[in-house]
Structures are given as C-alpha cells and as structure tokens.
Amino acid sequence: MAYGYADRILRVDLNTHRTWTEPLLPTEVLRKYIGGTGLALYYLAKETPAGAKAGDPEVPLIFMTGPLAGTRAPSSANYVVVSLHYDIPYAPGAGHAHGFWAAFLKHAGYEGIIISGASEKPVYLVIDDNRIELRDAQAFWGHGTRETERLIKRELGAEEDQFSVACIGQAGEARLHGAMIKNDRNHGAGKGSPGAIMGCKKLKAIAVRGTGDVAIAHRDGFLDTVAQWEANLFVADEGCTTPLGALWHDGGMTRQHKVMADRGMTAVKNLTDYEFGRAFSQAYMDACKEWIVTPKPSYNCKIACAYDLKITSGQFAGFTASMCGGGEPFEGAAGMIGVIDPGQMIALTDLYDDIGIEAGHGGSLMGMVFEAYNRGIITKEDTGGLDLTWGNYEAYTELVQQMIERRDFGGKLTGDMKDVARALGAEDLLVHVKGASINIHDWRPRWAKLLSQIVAGTGACHQIESPRLHTDELKREVGDKPEKVFDGQKKKLWEDNLGVCMFACSGVKHVLPLAAKSVATATGWNDFTEEDALRVGERTINLMRLIAVSRGFTKSNEFDVGKRLLEAPTGGPAAGVTMAPHLEEMVNRYYAVAGWDVNSGCPKQATIKRLDMEDVANWLGIA
Ligand code: SF4
C-alpha cells in the first residue's frame with residue numbers, strides 16, 4: 001500500500017473507449033516528483049511522441065492530485081491538469097483548480113487520470129468509486145459549464161454535493177485558445193488552455209464521486225503536523241508580509257481588492273490607466289458591501305477565498321455569481337476592456353466562467369482589441385459595426401458570442417493571440433508572454449513577479465509567492481531578484497506537487513518544514529526533509545525546461561514578451577520606471593543560479609546529473 005497516495009492511476013483511451021487502471025509509479029519516482037505538477041510532467045515527458053502538437057490525439061491529457069489531496073492537510077483540494085501548452089508551441093502547460101473534485105478522485109482511489117486518444121462523438125467520464133463509465137455527452141454539447149454541471153448531476157441522479165463535475169463550456173468545444181476546465185462552479189483550471197484540449201478529445205466532462213479515504217502512515221504525527229499548519233494559516237512566515245490566505249479569507253477579495261490598486265497592479269484598460277484601476281477597485285468593494293457575499297470553501301479549506309455574490313441592486317439585481325477567490329477573473333473579464341459598473345463586472349466574469357474561457361486570456365485579447373479601436377487602429381469597418389468604446393458592455397458581450405461561434409469580427413479573434421494582434425496592426429498592444437496570457441494583473445511595478453512570469457516553464461503563471469517578495473519588490477532595482485525568483489520557484493513548485501492550495505502556503509509561517517513533515521508522516525518516508533522538498537521543486541522547474549528544449553525552445557524565446565509589459569507604467573508607484581533595460585541581465589543571472597547554459601537556457605549536464613534526471617533527459621533526446 002502506498003500511504004498518502006491512492007495506489008492507482010486511471011487510464012482512458014478515447015480512441016477505443018477503453019478504461020483500465022494501473023499501479024502508481026514506484027516509490028523512488030514518487031520521492032523525486034511527489035505528485036501534482038511534477039508527477040504529471042514526468043508522465044508527459046515519458047509518453048508524448050516527439051513532434052506531436054498540443055491537441056493531437058496521441059498527446060496525453062493528465063489530471064493529477066498529490067499525496068496530501070483529500071487528507072486533513074489545510075486546503076487539500078488541489079488538482080493540476082497537464083498537457084502540451086495549447087498556446088505556446090514548445091512549452092508544457094499546467095493549470096490548477098480546487099473545489100471538491102481532487103478529494104473525490106482521491107477518495108475514489110485514483111491518484112490521477114491519463115487520457116489519450118480522441119472520441120468521435122462527445123462523451124463524458126463517470127468515476128463512481130470503482131465504477132468507471134464513458135457516457136454519451138451529445139445532450140450536453142453546446143451547454144455552458146454551469147448548466148453542464150447541473151444536467152450531468154441530474155442524469156446521474158445525484159444530489160448537488162454527491163458528485164463533482166469538471167467540464168468544458170462552449171469555448172472548449174470550439175477549441176479556443178484560453179479555454180478552461182471548470183468544476184464545482186467556483187473553480188477552474190485555465191493555464192495552458194486545457195479546456196481546448198478536452199474539446200479536441202471531445203471529452204465534455206469528468207464526474208467523480210469517491211467515498212473512501214486516504215491511508216496515512218503515521219496518523220497521530222500527521223494530524224499534529226497539519227493542525228499546526230492550519231493554526232499558522234494567517235500568521236506570516238519570517239521575512240514575509242501578510243499571508244495571502246489572511247487577505248483573501250471568506251471572500252476577502254470583496255473587501256481587499258484595493259491592495260491591488262494601491263500597488264498599481266489592477267489590470268484595467270489594457271494596462272493604460274492607473275487612476276481608472278483605483279476607481280475600478282473601489283467600485284467593486286463598495287458594491288460588495290451592499291450585496292450578499294457567501295464564502296464557498298473548497299474541500300477542508302479554512303480560508304474560503306471563493307464566494308458566491310448575490311447582486312441586490314441595479315441592472316442585474318437578483319443574479320448570483322459563483323466567483324473564485326482572486327482578482328484576475330473580474331480584472332480580465334471587465335477591467336481590461338474598461339467596464340467599471342460592478343454589476344456588469346460580475347455578469348462578465350460569470351459569462352467567462354460559464355462559456356469556460358480564462359479571464360487572463362480574454363482580458364489580454366480583448367484589452368488589445370478595445371485599445372486598438374479606441375486609438376483608431378481599427379474602426380467600425382473592421383469590427384462589423386461594433387462600437388468598442390472602452391466599457392461598452394453590450395458590444396463586448398456580442399463580440400464574445402461571435403468569437404465562440406467563430407463568426408463575423410469575433411471569428412477573427414480565435415487564432416493564436418500574436419497572429420490576431422499582428423493582423424489587426426496592434427502587436428505592440430498585446431499583453432502576453434511567449435504568445436500566451438499572464439496572470440492578469442499589472443506586474444510592471446513588481447519586477448521579481450514579472451521576471452517569474454517571464455521565465456515560468458509552463459507559460460506565464462504564478463511560480464513564486466508574493467508575501468515573501470513584496471518588501472524587496474517595492475525597490476525597483478535588480479538587487480538579488482533573479483536569485484530570489486529561482487529560490488521562490490523551488491518552494492512554490494514543491495507546493496504545487498502536494499495537492500494543497502497555494503493560498504494555504506503563500507507566506508504561511510513555517511510552511512516549508514510543516515509541509516515536508518506532512519508528506520513524511522503521510523507517506524511513512526521518515527527521512528524526508530526540507531532539502532528533499534526543495535529538490536523536488538527544482539526537479540519540477542527542470543522538467544518544464546527539458547520538455548521545452550526538446551520541443552525547440554531557444555533562449556530568444558525567453559524575450560518573447562509583449563511590448564506593453566516592458567513599457568513603464570504611466571501612473572502609480574512605478575510610473576516612468578521599467579524593468580526592460582535589466583531583463584537580459586536578470587535572465588542570465590537566473591540561468592546561472594539554475595545551473596542552465598547561459599547561451600541556450602538548457603539545463604547543463606551537471607545539473608541534470610545532480611538532480612538525478614538523466615532518464616528524463618534521455619527520453620527527451622537531451623543527452
Ligand atoms: S483558498 Fe480558495 S481556492 Fe484555495 S482551496 Fe480554499 S476556497 Fe479553494
């Protein structure tokens with residue numbers, strides 16, 4: 001028995017509609033990659049045919065939990081979806097989500113699911129403890145994620161909380177860039193566009209119910225450790241500012257979004273208007289004071305950043321939106337195109353979640369289009385008559401509809417984002433890293449976070465924790481930021497492998513020793529240390545890079561960053577200052593501390609050997 005782990009992986013071949021289980025990998029591999037992102041990337045590196053492209057049937061789509069998922073560890077609700085990145089030709093993609101899906105999968109007895117092939121007709125997968133079934137999903141095709149969750153539960157004869165459903169909406173069905181997977185209404189995995197890959201496989205949803213438990217090796221020691229971790233959730237670690245969980249608890253974004261505005265980080269009007277960002281944050285918080293906020297915690301979560309929001313006044317009075325906990329969804333869905341009416345902000349965010357498109361992608365794309373229109377780069381002639389003046393809610397919702405249906409002007413926005421921007425003559429306006437969206441805030445005042453978005457191995461995403469960096473980040477100078485980014489990535493990517501939410505880790509007192517001890521007591525690996533944990537994180541960074549290099553990454557790709565992100569902000573604390581002149585030095589220093597070749601960005605042989613990753617390098621042809 002593999003303590004801490006479910007001891008099976010579920011395999012699904014959608015070409016033949018065959019499903020089977022296989023044992024989890026041996027302990028020596030688990031200790032190296034742990035679970036979550038690391039283990040999923042390990043499978044991806046091993047099983048992806050050379051030369052295959054994202055969305056090809058033979059490329060696996062991998063759902064992975066982690067040894068702490070579904071246990072009493074704090075916020076043990078995380079799963080990751082890994083495949084080739086749909087928006088970056090050489091990168092792997094990894095999107096995280098929370099809710100109840102991961103815990104149910106673990107309780108059903110599966111550590112992860114590896115899906116290959118593609119179905120001819122839409123199907124959905126049912127996992128009900130030991131019962132596995134692929135069912136016809138034709139009746140749900142064309143429905144949004146909200147309705148799909150509801151209809152599938154009804155078809156399964158289940159109460160609302162008995163099954164957890166992860167599914168795609170119309171964006172995934174249309175295989176749009178930015179398409180996400182949603183589950184449990186308030187949660188979703190977006191980075192890498194995994195919804196588009198589910199769409200390519202004609203897999204509409206995965207419904208899961210699990211009634212078992214996770215076997216723990218040293219139960220008393222484990223429970224003591226996770227109790228201490230939980231007690232520390234809102235206490236800052238040494239050298240950190242307030243933990244994110246302390247800011248965002250019980251739908252904290254509705255009270256604290258001003259934090260983003262004060263730091264000049266609110267993503268509005270395609271990152272052109274700091275003052276509008278302040279007004280945007282204030283409008284949101286003022287409205288939320290009047291409306292009804294109901295925290296919606298994920299499995300075993302005391303933070304509960306996610307929330308339902310019932311609008312009680314204005315155009316959308318009576319509507320209840322299911323929100324995740326961050327600011328990205330409403331900054332991306334509304335702020336980036338200049339919507340400031342709070343009801344419209346919420347309606348747009350819920351629309352994106354329903355059709356299943358990630359707000360970071362939507363915000364980057366639509367922010368570029370709206371700015372191009374407002375600057376006269378494109379006109380009503382180009383847009384088919386749509387008036388894309390900043391904040392025009394009606395025109396915007398029509399444009400999104402056109403995009404999903406691949407028709408009219410919206411139909412021209414469905415390709416690769418950089419190609420779309422180039423075709424519109426607006427390439428310089430596109431907020432992107434390597435052709436994909438970022439976590440949609442304005443990172444220009446925060447150089448370490450911006451560098452981390454640029455070098456992140458699965459496309460721009462959160463790979464370091466904010467509270468540990470914040471004080472230094474206010475100094476807009478290079479300092480030791482490249483080295484801090486690498487250190488931060490090691491810690492964050494270790495945490496991404498555990499099956500717990502990042503908000504239960506970010507800035508939390510003693511989280512590194514507590515998480516390492518949680519894994520040691522859960523698995524029975526009594527000699528597992530903090531150093532082992534950080535080495536797992538470092539291996540995960542290198543897995544991402546080795547896969548990218550094997551697929552054609554070169555150092556010049558590191559500097560494929562939208563011009564807008566490297567311009568100085570025109571207002572706020574970083575007005576007039578840009579990281580751009582320092583970027584090359586920062587990347588070179590990051591490579592040096594990572595043990596990567598400074599000319600190619602490839603891990604050196606000595607690094608591969610030190611991390612005991614020769615097998616992965618061999619599979620990928622990097623000998
Ligand atoms: S902190 Fe938020 S995202 Fe994380 S597990 Fe809790 S409710 Fe879910």
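1. Ligand shell and domains. In this predicted model, the shell around the ligand takes at least three residues from domain 1 (8-209) and at least three from domain 2 (244-429). The residues that surround the ligand are Ser75, His98, His187, Ser298, Cys301, Ile303, Ala304, Cys305, Ala306, Cys501 and Phe503.

2. Second largest pocket. The volume of the second largest pocket is about 310 Å³. Its lining consists of 17 residues, and those nearest the centre are Phe100, Glu160, Asp184, Asn186 and Lys296. The lining comprises 8 charged, 5 polar and 4 nonpolar residues.

3. Domains at the pocket. Domain 1 (8-209) and domain 2 (244-429) each supply at least three residues to the lining of the second largest pocket. The shell around the ligand also draws at least three residues from each of these two domains.

4. Largest cavity. The protein has 7 cavities of 30 Å³ or more. The largest cavity has a volume of about 130 Å³. Nineteen is the size of its lining in words; in the list of 19 residues, Gly264, Thr266, Asp273, Tyr274 and Asp442 lie nearest the centre. The lining of the largest cavity is made up of 9 nonpolar, 6 polar and 4 charged residues.

5. Where the cavity lining comes from. Helix H11 (residues 274-290) gives the largest share of the lining of the largest cavity, namely 3 residues. By domain, at least three lining residues come from domain 2 (244-429) and at least three from domain 3 (447-509 + 529-619).

6. Overall form. The protein contains 28 helices and 15 strands. Its C-alpha trace extends about 65 × 60 × 50 Å along the principal axes. Why can the protein be called a compact globule? For 623 residues, such a globule would have a radius of gyration near 25 Å, and the 22 Å of the protein agrees with this. Of the 623 residues, 65% count as buried.

7. Positive phi values. Most residues other than glycine have a negative phi. Asp408 has a positive phi near 55°. Asp408 sits in helix H17 (residues 408-411) and counts as exposed because its relative accessibility is 52%, where the cut-off is over 50%. His510 also has a positive phi, near 60°. The place of His510 is the loop between helix H21 (481-495) and helix H22 (511-523), and with a relative accessible area of 41% His510 is partly exposed.

8. Leu233. Is Leu233 buried or exposed? Leu233 is buried, because its relative accessible area is 2% and the limit for buried is under 20%. This residue belongs to the loop between helix H7 (219-231) and helix H8 (244-248). Leu233 and Val508 are 275 residues apart along the chain, yet their C-alpha atoms are separated by 5.6 Å.

9. Pro295. Strand S13 (residues 292-295) contains Pro295. With a relative accessibility of 32%, Pro295 counts as partly exposed.

10. Lys604. Where is Lys604 found? Lys604 is in the loop between helix H26 (583-594) and helix H27 (605-610). It is partly exposed, its relative accessible area being 44%. A distance of 10.0 Å separates the C-alpha atoms of Lys604 and Ile622, which are 18 residues apart along the chain.

Note on methods: Residues are numbered from 1 along each chain as its sequence is written. This is a predicted model: local features need pLDDT of at least 70, side-chain atom pairs count only at pLDDT 80 or more; totals for chains, interfaces and linings use all residues. Side-chain values use heavy atoms; hydrogens and water are left out. A residue is near a molecule or strand if one of its heavy atoms lies within 4 Å of it. Domain bounds come from an automatic or database domain assignment. On a 1 Å grid over the protein atoms alone, a cavity is a set of points where a 1.4 Å probe fits but cannot get out, and a pocket is an open set with protein on both sides within 12 Å along at least five of seven lines; lining residues have an atom within 4 Å of a point. Grid points are joined across faces, edges and corners, and a volume is the space filled by probe spheres set on the points. Ala, Val, Leu, Ile, Met, Phe, Trp, Tyr, Cys and Pro count as nonpolar, Asp, Glu, Lys and Arg as charged, and the others, Gly among them, as polar. Helices (H or I, at least four residues) and strands (E, at least two) are DSSP runs, numbered from the N terminus. The radius of gyration is taken over C-alpha atoms; the globule rule is 2.2 Å times the number of residues to the power 0.38. Buried means under 20% relative accessible area, exposed over 50%, partly exposed in between (1.4 Å probe, protein chains only).
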